[in-house]
Amino acid sequence: MRYRLIFAGQFVFTLAVAAFLMVPAALSISAGVTVSYFRGIRSGVTLQWIVQVWELYAGTILLSFVVAFATLAVTLLAGVPAAYALHVRGGRLARVVEELITLPLAIPGLAIALALLLTYGGFGDFRRSWLFILAGHVIFTMPFMVRSVLAVFGTIDIKTLDEGAASLGASPWRRFRDVIVPNAMPGILAGSLMVVTLSLGEFNLTWMLHTPLTKTLPIGLADSYASMRLEVASAYTLIFFIMIIPLLVAMQLFADREQRK
Amino acid sequence: MSTANGHGASVSVQACGKTFADGTRALESATLDIARGETLVLLGPSGCGKTTMLRIIAGLELPDEGGTVLFDGKDVTSEPIEQRNVGMVFQSYALFPNMSVADNIGYGLKVRGVPRQERAARIAELVALTNIAGLENRRIDQLSGGQRQRVALARAVAIRPRILLLDEPLTALDAALRDRLRGELNRLLRALGITTIYVTHDQAEAMELGDRIVVMRKGTIAQIGTPREIYFTPRNRFVAEFIGAANIIESPVEDGHLVLSGGRQPLRSGINLAVAVAMIRPETIQVVEAGRAPLSGTIDSVSFVGDRQRLVISGTSRKPLTVDAPNAVQVRPGEEVGLLVAPESVRLLPLED
């Protein structure tokens, strides 16, 4: 009896916590499809806000994905070899470099953005293009890629595997492709997942770096909250959900499958 | 000895030392020649520089300035391992977890651009040679330690290397398996007849596998010789004690005899020393009735180990003597016995070491 009471108590508590987290999301989503938020759901259900958001912000949403995947490409191309080099070389210098790469996590995004603006703000073409945002995102997400790949290198003896492949005649590039990357795959996938989601949701840095022509999803969201009806902003949130959830699920499934293989 | 009709390359290591970046001196400048087809064992306790020597020969480490490595007389010092055409078996095997057994064995051939069909034939050949038929499609983490060892060996041999390098290949295995694989490995190496350099800290492995053994200590070569030479005529105390069991006796010498508390042991004629460090192997000491030998002592303990019995005898010299007696000899602890040692069995070692 006492046992069941404890169970019931815990169950209710869990439900309450879940509700606390989920009700705002549900409210926001429902607001995005109601005719008038102030009159509530009785005012009717509509897709007009979503259409409106799409018309206004389709470019922004597209740019977000371009930036996210470009960030992923850069962190993959630079981060995975960097992690490999740091791991194989080792020593004090490698640790210092690793700390430097990690530093942007501790520095507020605004400060990084400010530094970028101070340094490169004068290069008009660069400043105005989306590549400027890309630079900020790469700085911000690089530690996540490097760290998760390094973590995998720590669990397998990558140095000996590399030497093993070398003893069989494989060139450094061949070793990297055939042995290092496939064995680092779980870390690369985990890193990729983080890089893409962080880039899609990044606000601090991006808010400082963007121009009216280079807005990403979260900037557009802030924009719509600030200047438009609540229903539009909510519809925007809904679109954000719809875009990012399938992406997350897909990457997670992919990672799971890779791990089981 | 397979030296005469062997193949593979000869190896010459000239004045190779190794100081690591942190200042550790892993290997003092050493020179070593390995004949074509020979199996050379680098033997020593951990930290003696044997693995560093192997890695220099492999091309995984660069020797300090002035050192050179020659394969068949050609200087390969600056060539990285991937250009040296050596086969290597690592202590941890370094098998690729992302590839099947067959792909592991065939990797070196794939890198060399050997066509698929030819590769498959060579893989089949090695699978048969190393006794791992049926495992070709397994993943590495589905193999036992012994199977991994065989795959690592097959992979290293598949590329028909000029030189085969093995870094403690049996150390990761349990004792019974190690003994069995040691015999197998020996037969395989003899059959291949390839120049082989084998690193181990296990003297039994070194004895069984080596044409010659290089005993190493603290980054230097203590002695190079055939297993017999190393065993019967160790050059110093370290080698004597590291290889097999040895009684080391320090004692004054009087007209050609070691003067011990348990009697006077004759030496080979012509020895003119005041003090000597002598080595006597336990199996060269014969236990006889008390009073019927120049040396005497009291049996402290008897350990019966099957093929022989090991006695510890006190009162003969300052330290207790270890004696291996035939298993049929009837002895009891506390018993007074005589000890007979042929003068030729007393090996004198350098005084300071």
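The model is predicted.

**Stop 1**

Select A:Arg147. At 35% relative accessibility, A:Arg147 is therefore partly exposed. A:Arg147 sits in helix α6 (residues 131-155) of chain A and A:Glu99 in helix α3 (residues 91-102) of chain A, so the pair ties together parts that are 48 residues apart in sequence. A:Glu99 is partly exposed too, with a relative accessible area of 48%.

Go next to A:Arg128 and A:Asp125. Their side chains meet in a salt bridge at 3.4 Å, N to O. Both belong to helix α5 (residues 124-128) of chain A; being three residues apart, they are separated by about one helical turn. A:Arg128 counts as exposed at 54% relative accessibility, and A:Asp125 is exposed at 64%.

**Stop 2: the interface**

Show chains A and B together. Contact involves 21 residues of chain A and 22 residues of chain B. About 1,700 Å² is buried between chain A and chain B, and carbon and sulfur atoms give 58% of that. On the chain A side, select A:Glu163, A:Ser167 and A:Leu168. These lose the most area to chain B, together 37% of what that side buries.

How many salt bridges are there between chain A and chain B? The count is two. Six residue pairs are in polar contact across the interface of chain A and chain B, both residues at pLDDT 80 or more. Colour α7 (158-167) and α8 (172-201) of chain A: these are the elements that give two or more residues to the side touching chain B. That side of chain A has eight nonpolar, six polar and seven charged residues.

**Stop 3: an enclosed helix**

Select residues 101-111 of chain B, helix α2. Nine of its 11 residues are buried, so the helix is largely enclosed by the rest of the structure. Among them are B:Asn104, B:Tyr107 and B:Leu109. What covers these buried residues? The cover includes α7 and α8 of chain A, together with α3 (116-129) and α4 (145-158) of chain B. After the helix comes B:Gly113, with a positive phi near 75°.

**Stop 4: the cores**

The largest nonpolar core has 86 residues, and B:Leu42, B:Ile57, B:Tyr107, B:Leu165 and B:Ile197 have the most contacts inside it. Helix α2 (residues 48-89) of chain A gives the largest share, 13 residues. A second, separate core of 45 residues includes B:Leu126, B:Val157, B:Leu189 and B:Val215. Zoom in on B:Leu42. Beyond four places in sequence, B:Leu42 touches residues including B:Leu32, B:Met53, B:Ile197 and B:Met216.

**Stop 5: a buried glutamine**

Find B:Gln223 in strand β10 (residues 220-225) of chain B. Is B:Gln223 buried or exposed? At 6% relative accessibility, B:Gln223 counts as buried. Its side chain reaches the backbone nitrogen of B:Arg235 at 2.7 Å.

**Stop 6**

Finish with B:Arg36 and B:Asp72. They form a salt bridge, with the closest N and O atoms 3.0 Å apart. B:Arg36 lies in the loop between β2 (25-34) and β3 (39-43) of chain B, and B:Asp72 in the loop between β4 (68-71) and β5 (74-75) of chain B, so the pair ties together parts 36 residues apart in sequence.

Note on methods. Residues numbered from 1 in each chain as written. Chains lettered and ligands numbered in written order. Predicted model: local features only at pLDDT ≥ 70, side-chain atom pairs only at ≥ 80, totals over all residues. Heavy atoms only, no water. Core = buried A, V, L, I, M, F, W, Y, C linked by side-chain atoms within 4.5 Å. Buried < 20%, exposed > 50% of the residue type's maximum accessible area, 1.4 Å probe, protein only. Helix = DSSP H or I, 4+ residues; strand = E, 2+ residues; numbered from the N terminus. Contact = heavy atoms within 4.5 Å. Buried area = accessible area lost by both parts, 1.4 Å probe. Salt bridge = Lys/Arg side-chain N within 4 Å of Asp/Glu carboxyl O. Polar contact = N/O pair within 3.5 Å; in protein donor to acceptor, adjacent residues only side chain to side chain. Nonpolar A, V, L, I, M, F, W, Y, C, P; charged D, E, K, R; others polar.
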